[in-house]
Amino acid sequence: RRPPRSTPLYSSAASDVYKRQRYWNVDVRDSNQVSGGVLAAEQWLEGVDILINLAGILQGASLEIEDFPDEIWDSVVGINLTGSYLMVKHISSIMKKQKNGVIILTSSGAGVDGSSSSFAYGSSKGGVHGLSMVLMDKLSKYGIRVHDILPGSVDTPLKNSQIENTRDITGNEAEYKNIKNILVEPKGIAEIILFMLSLIHI
């Protein structure tokens, strides 16, 4: 939960607030686990103003569709898309009562332009983008803002694992180095999210 409106976002008081953290480990594919985690968070925070859903995996890169394992499809779609749906499902009821809130989901350009290296990943992220658009339309009347971000190629373990796996399958070292050189820092994405959240009371 954010500091009071009178507290400057970058003040020492706000910094102290952000240092007080607590975590709940849940399987985002499991509605009961998500519901329990959200309830615990609501009680501890005395409300929920913000949801930033970053849980996601990328598996099955560079596999042909006829060779794509069903279990990988289920796992990727379950975490990326069903997980986004369940998080919003259980948190939106809190935000509706408060008549305000911001929801940020994580999509990907790979889900809207057909460039994904994985059938499951691209499909799941396209689904998250579609889910976000429907949520924008349906939740705005409750004072809830919904956004989805498309971070691009970010220097994270998930992305590095994907490009390394693709290199190992294709043997294309040059392409690997080119992609490696254009990866952006996670800090830049975090700053964009922080800016979006700073508008919560405007």
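Strand pairing, burial and helix packing in a predicted model

Q: What makes strand 2 largely enclosed by the rest of the structure?
A: In this predicted model, six of the six residues of strand 2 are buried, so strand 2 is largely enclosed by the rest of the structure. Buried means under 20% relative accessible area. Both faces of the strand are covered: Gly101, Ile103 and Leu105 are buried on one side, and Val102, Ile104 and Thr106 are buried on the other.

Q: How do you know that strand 1 and strand 2 pair, and in which sense?
A: Pairing requires at least two bridges between the strands. Strand 1 and strand 2 (residues 101-106) have four bridges, in the parallel sense, and therefore meet the criterion. Ile50 stands opposite Val102 in strand 2, and Leu51 stands opposite Ile103 in strand 2.

Q: What shows that strand 2 and strand 3 pair?
A: The same test of at least two bridges applies. Strand 2 and strand 3 are joined over six bridges in the parallel sense, so they count as paired. Ile103 stands opposite Val146 in strand 3, and Thr106 stands opposite Ile149 in strand 3.

Q: Why are strand 1 and strand 3 called edge strands?
A: The sheet is open, with three strands in the order 1-2-3 and parallel pairing. Strand 1 (50-53) and strand 3 (144-149) each pair on one side only, and these are the edge strands. From one strand to the next, the twist averages 10°.

Q: Which helix packs on the sheet and touches strand 1, strand 2 and strand 3, and what is the angle between its direction and that of strand 1?
A: Helix 3 (residues 70-98) does so, and its direction makes about 175° with that of strand 1.

Q: What are the covered and uncovered faces of strand 1?
A: Leu51 and Asn53 form the covered face, and Ile50 and Ile52 form the uncovered one.

Q: Which elements make a right-handed β-α-β unit with strand 1?
A: They are helix 3 and strand 2. A crossover is called right-handed if the path from the first strand over the helix to the second runs clockwise, with the strands pointing away from the viewer. The chain also crosses from strand 2 through helix 4 (residues 119-139) to strand 3, and this β-α-β crossover is right-handed.

Q: What span is expected for helix 2, and what does the helix reach?
A: Helix 2 (residues 31-45) has 15 residues, and at 1.5 Å a residue the expected span is 21 Å. From its first C-alpha to its last, helix 2 reaches 21 Å, close to that expectation.

Q: What puts the buried residues of helix 2 on the same side?
A: The buried residues in helix 2 are Val34, Gly37, Val38 and Ala41. They cover an arc of only 100° around the axis, so they lie on the same side of helix 2. An α-helix has 3.6 residues a turn, so residues three or four places apart point the same way. What covers the buried residues of helix 2 includes helix 3. The face turned away from the buried side carries the exposed residues Asn32 and Gln43.

Definitions and conventions
Residues numbered from 1 in each chain as written. Predicted model: local features only at pLDDT ≥ 70, side-chain atom pairs only at ≥ 80, totals over all residues. Heavy atoms only, no water. Helix = DSSP H or I, 4+ residues; strand = E, 2+ residues; numbered from the N terminus. Axes fitted to C-alpha atoms, helices over the stretch in contact; angles between N-to-C directions. Contact = heavy atoms within 4.5 Å. Buried < 20%, exposed > 50% of the residue type's maximum accessible area, 1.4 Å probe, protein only. Expected span 1.5 Å × (residues − 1). Arc of directions from axis to C-beta.
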